[in-house]
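This report walks through two protein chains, one after the other. It then turns to aromatic rings.

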Amino acid sequence: MAQEYRIVLANAGKIDPASLDDYLNAGGYKSLEKVRTMSAKELIDLVRSSKLRGRGGAGFNAGMKWGFVPETAPETYVVCNLDEGEPGTYKDRTIVEADPHLLLEGMAICAHAIRSKQGYIYCRGEYPFVVDHLNRAIEQAKQSGQLGDFNIEVRMGGGAYVCGEETALIESIEGHRGEPRFKPPFPGVAGLWGKPTVVNNVETFANLPAIVKNGSEWFASIGSPNYPGTKVFTLTGDVVNRRPFEVPTNTTIRELIFDLGGGIPNGKAFKAVQIGGTSGAFIPEHLLDTPLDFDSMRDAGITLGTGAVFVMDETRDMVDVVTRIAKFFEHESCGKCNPCREGTFRSYELMKKIKTGQATPSDVENLSTLSKVMTKACLCGLGQAAPTPILTTLEHFSDDYKRRLLAAIS
Amino acid sequence: MIRLTINGREVEAPRGSTLLQACQLNGIEIPTLCYDPDLRLAGSCRMCIVECKNRPLFLASCVAPAEEGMVIETHSDQIMQARRVILELLAARHDFSCQTCDKNGDCTFQDYCYEYGIKESSFEDGGRRIYTVDDPNPFLERDYNKCIMCTRCVRACEEITVARAINVENRGHHSKIAVAFDGYLEDSPCVFCGQCVMVCPTGALTSKVSAGQGRAFEVDRVLTTCTYCGTGCTLELNVKDDRVVGVSSNREEEWSPVNKGALCVKGRFGWDFINSPDRLTTPLIKENGEFREASWDEALDLVAQRLQEVKDQHGPDSLAMFTSARVTNEENYLAQKFTRAVLGTNNVDHCARL
């Protein structure tokens, strides 16, 4: 039986998130104190050897990312991605609501590593209450001197999904249209206002205090060796326990849904699960024993993404679900690059055609070709990942498509 | 120099080059729509994508740095298919009214459709968004039914002219180029320089003054220097049947060292006086409140005689010469020489000092 293992949610429900004293009594800001006795290089080496990988979706080694910031850079920024725009994802909100100082401490630890004096938290526009909550915590931390000379500001997004992409997020903080930049240069070299910038997800920062406290070996020994630690998953859809779970990364999808999630309600059978958010893959029954770590998932052709787990029972029609998803991407494409701007619109049109029984097999062929081109040719992760639901449902649930086609109906 | 392999051939490129530059240096042609060497890079049209060994994604060669040891394919089956899909996606939004388009024969998008064999688009379900062509200014036609959203106009407006009159409005498929609040150009900071026309790769932005008078393949291009002011911009007169029917930009630094193709509203759009029926073609002398036509000899004699009379009666300092930026440096020199040596006064000035 799979068990929860709490690192980033260790204090959740145990302390009053509005109280700095509660956080201090739980050992808060001790790791930051410890970090101040270390050199930047020692700290980066510690994080690198812990093998902590980014929890926002790309899974890049956090210490290595920090190492890209030039040592001589006079001005650097720490940016926390709290845009959390993937439908079905609420892990970052859960962490911040339960334990806001954990995030601030994690950011301050990163600031020490890259000699930064200024941090920004880019908060999803639909989370105005989180902004207030964070501002109160920042004020407490500043008043009590915990953050030293590191300053943190909260910036609120305007509701654009694409601003969860790190360079679009940076553009948005700068006051421009939320559009991604081409990479390289990566933010570590030229980020916010052209200065070296580390952008990490809330969950990545929230792991840092525990890693500093318990050491890199401790962290590296939890879960899967190549993607160690825990991951917070948020369960939604046709599953009994629709709430967040923090589990070691060697937990399998099946354990997460059936042990912790309590399985499918109302005696229905499992049909599919979409992991990683709206741009995630649709996973059929036979892949459920894949461990929830980045590399195992990638090898199975799945992206781990943000940790959203959207469960669908046997009554759900994949064409129906994917049409709605295609509509979402048509709405959220920023419009900068051709394959995404035009491709998301045409994908949605083709999905509607399939859904309404007007499509022929050649329409499905076109959709598949378009989708494959988008995954490789789009400028940013949004366009590259947008066709994933289409491609994975075409692969694993092709019957749902076939029975909607004109030839099948007539 | 770095060494890399492109299409099976080992080539060299200077360190710091983009893949596009490396290809161009080695004679490999890569299609581009949003790329313009004079503008900030966008990397957004994705036409210039290439395949790189051991990289899962295609690289947009205009923004991807060329690196030592890269193995690049620029025209593999996968790449050609991706470019065709991108062109088909653009074709699905483009109004192919080539037969009446002033850019016919001079349209990068048309050229690529020809090269990649795009006769029709597989993505026309959902139709094409129809844009109203409505901007009452006398210079610039904006037909967004032909726009492919390369944003070269936006960048030219911001970076060359620094007017920042236009930008992208809305998001995704709904995005389009617009002035603030989607109004008219004349209510915006637009100065009608037409740099946007210069960089537009399609017929979305064209000159109203030249409309219907001749297409690129019908005109001779005659390089000349603009006479409107002293800056000395190079412009290209488009001549058809011995008539000037338009002005285009020559962007080669060698031929256009002063302006590299950039012009102002006068240079680009103010050439129709050449064939205007209102144009004076002979001197006029006013007698009893009425103008009458005169020969140059008669007119110049009259002017010389009157200048002499004023000088004799009131002295040389009662005369002054005010010259124009619309004449050449040499003519301006002669004018001041004439004023000092012949009229005998230092009262000489020039409109450029105002």
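## Chain B: overall build

Chain B has 8 helices and 16 strands. Helices (H or I, at least four residues) and strands (E, at least two) are DSSP runs, numbered from the N terminus. The radius of gyration of chain B is 27 Å, well over the 20 Å that the globule rule gives for 354 residues, so chain B is more spread out than a compact globule. That radius is taken over C-alpha atoms, and the globule rule is 2.2 Å times the number of residues to the power 0.38. Along the principal axes, the C-alpha atoms of chain B fill a box of roughly 90 × 50 × 40 Å.

The model is predicted: local features need pLDDT of at least 70, side-chain atom pairs count only at pLDDT 80 or more, and totals for chains, interfaces and linings use all residues. Residues are numbered from 1 along each chain as its sequence is written, chains are lettered from A and ligands numbered from 1 in the order in which they are written, and side-chain values use heavy atoms, with hydrogens and water left out.

Of the 354 residues in chain B, 45% count as buried. Buried means under 20% relative accessible area, exposed over 50%, and partly exposed in between (1.4 Å probe, protein chains only). Chain B exposes about 18900 Å², and carbon and sulfur atoms supply 50% of that area. Areas come from the Shrake-Rupley method with a 1.4 Å probe; for residues, only the protein chains shown count as cover.

Take the contacts in chain B between residues at least 6 apart in sequence: 59% join residues at least 24 apart. A contact means heavy atoms within 4.5 Å. Chain B carries 39 positive and 51 negative side chains, and the centres of the two sets lie 5 Å apart. Lys and Arg count as positive, Asp and Glu as negative; His and the chain ends are not counted. Each charge is placed at NZ of Lys, CZ of Arg, CG of Asp or CD of Glu.

## Cys190 in chain B

Cys190(B) sits in the loop between β8 (176-179) and α5 (195-199) of chain B. Cys190(B) counts as buried, at 17% relative accessibility. Leaving aside residues up to four places away in sequence, Cys190(B) touches Leu140(B), Ala165(B) and Leu185(B). Asp297(B) is 107 residues from Cys190(B) in sequence and 45 Å away in space, C-alpha to C-alpha.

## Chain A: overall build

Chain A has 19 helices and 11 strands. Its radius of gyration is 21 Å, close to the 22 Å that the globule rule gives for 410 residues, so chain A is as compact as a globular protein of that length. The C-alpha trace of chain A spans about 75 × 45 × 35 Å along its principal axes.

Buried residues make up 62% of the 410 residues in chain A. The accessible surface of chain A is about 14900 Å², with 51% belonging to carbon and sulfur atoms.

## Aromatic pairs

Over all chains, the structure holds 16 aromatic pairs. Rings of Phe, Tyr and Trp (its six-membered ring) pair if their centres lie within 6.5 Å; planes under 30 degrees apart count as stacked, over 60 as edge-to-face and the rest as tilted.

Phe60(A) and Phe68(A) form a tilted pair, 6.0 Å centre to centre with 40° between the planes. Phe60(A) is partly exposed at 38% relative accessibility, and Phe68(A) is partly exposed at 45%. Tyr127(A) and Phe129(A) also form a tilted pair, at 6.1 Å and 50°. Tyr127(A) is buried at 5%, whereas Phe129(A) is partly exposed at 43%.
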